[in-house]
Amino acid sequence: MTDTDCVIVGAGVAGLGAAAALRQAGRTAVVVEASPRVGGRAWTAYPEALGHVWFDMGAVWFHDAENNPLTAIARTAGDTLLRSDEIRKERTFIGSRQATDAELQDYQSAWSRYEAATDALLARHGDVPLAEIARALPGDPWSRTIEAWEGPVICAVDAQDFSARDWRNNALNGVNLVPEGGIGSFVRRRLTQGLDIRLDMPVRRVRWGGPNGSVSIETDAGALTAATCIITVSTGVLGSGALRFDPALPARVTEAIDALPMGLANKIVLRATGPDRLDLPLHCSVDVMVNEAHPVLMPFQCWPFGRDYVQAWIGGSTAWDLARDGDAASIDYALSYLRSLFGGRVDGLFRHGPTVLTHWHADPWVRGAYCYARPGASGAREALGEPVSDGHLMFAGEACNTPYAGTVAGAWISGQKAAKTVLATLGG
């Protein structure tokens, strides 16, 4: 006898997607979540430091909105979707000055040069570290900036540690939309209805391969047995050993987990204490040419939606280093970066103002931002998503999906795909 058709470990977007698909098919599912909230890395908070406005601590956008399945859910529900790409103004600096129109045109065309160089290298070598692309473009003034965007900032990993093939496999086009009120709020409001979700229930052990393929999970509140199981926790949690499997997982699964470690990208928010807006328009993004003066890219979103703060992103090894050094180090780093662009007025505007920092590195139920594929391991995502025990045990999440790796859409698609396999295993 089993307690449910499927037990789903993790109430992030992948777990919710799997549960919704099973429920729609008339099957029972129980979602168990270690933390006190749903959504995982899609988390909307209302920080006192920012005047209780909604703020997404993790995921922000519906990427490639025209093809993103969550866009249709939001529109059907009548949610307002903000066209972030259209309302955003952009400012690029070279050193402490703004780039000229000619330089900006060259910057824009540099992305095509970078992608062409990537495709040429992949055609010759199969896969290479992303850092090899800029090395193949030694005379291009923007190649290191693009590398910094696509590596540490967007994919949360330094370019030398990241598969260029995985980057190209997951490159997205189309517009990015922001659900008004925050993406975490959208998830809680629209993706949880009718689901059996049990919070504050960490799973300690998964016993799989039982009678008729059944799976039993052990939690602090007791055991739960199901005909099938879908695991949607991050590869950071899987790789840590915090969740034990009995018997041990097949080698192909553990190898895939090892090939998909967690990167880190944290946000640092500085709230202004005066009227100065640094001569920038509202909802303005600021980036900098990566060169000797600025060897690390820390982009800023300034005065988003007309608010009175700036938000910095920092990723890759620099993010890990700052996280180890503590919040004060992260704040000082962001202030120093702004000071290099706008001078001493930054200190008067932000020095004693409220701050908000994300700490995905310290969350024991995540252990990073999202995963990346090591060079030569671009196939690990598909390997991790393959059925175990004839489909009685499945893995799902942003780690398992291409081309939406690292996104809420990827998590949702992966969860629904895993549920489809489970339904076939259950016979319906």
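The protein chain carries 38 positive and 47 negative side chains, with the centres of the two sets 3 Å apart; here Lys and Arg count as positive and Asp and Glu as negative, while His and the chain ends are not counted, and each charge is placed at NZ of Lys, CZ of Arg, CG of Asp or CD of Glu. This is a predicted model, in which local features need pLDDT of at least 70 and side-chain atom pairs count only at pLDDT 80 or more, whereas totals for chains, interfaces and linings use all residues. Residues are numbered from 1 along each chain as its sequence is written, and side-chain values use heavy atoms, with hydrogens and water left out.

**Overall fold**
- The protein chain holds 15 helices and 19 strands, which are DSSP runs (helices H or I, at least four residues; strands E, at least two) numbered from the N terminus.
- Its radius of gyration is 22 Å, close to the 22 Å that the globule rule gives for 428 residues, so the protein chain is as compact as a globular protein of that length; the radius is taken over C-alpha atoms, and the rule is 2.2 Å times the number of residues to the power 0.38.
- Buried residues make up 55% of the 428 residues, where buried means under 20% relative accessible area (1.4 Å probe, protein chains only).

**Nonpolar cores**
- In the largest nonpolar core, which has 78 residues, Ile-231, Phe-300, Phe-350 and Phe-395 touch the most other members; such a core is a set of buried Ala, Val, Leu, Ile, Met, Phe, Trp, Tyr and Cys residues joined through side-chain atoms within 4.5 Å.
- Helix H12 (residues 327-342) gives the most to this core, with seven residues.
- Apart from this core lies another, of 37 residues, including Leu-177 and Ala-419.

**Helix H8**
- Ile-183, Gly-184, Ser-185, Phe-186 and Val-187 are buried in helix H8 (residues 183-190), and their cover includes helix H1 (13-24), helix H2 (69-76) and helix H15 (408-426).

**Backbone exceptions**
- Most residues other than glycine have a negative phi, and most peptide bonds are trans.
- A cis peptide bond, with omega about 0°, joins Asp-246 and Pro-247, and Pro-247 sits in the loop between strand S13 (244-246) and helix H10 (251-259).
- Thr-402 and Pro-403 are also joined by a cis peptide bond, with omega about 20°.
- Leu-278, with a positive phi near 60°, lies in the loop between strand S14 (265-271) and strand S15 (284-288), and counts as buried at 1% relative accessibility.
- His-283, in the loop between S14 and S15, has a positive phi of about 50° and is buried, with a relative accessible area of 4%.

Key:
Buried means under 20% relative accessible area, exposed over 50%, partly exposed in between (1.4 Å probe, protein chains only). Contact means heavy atoms within 4.5 Å.
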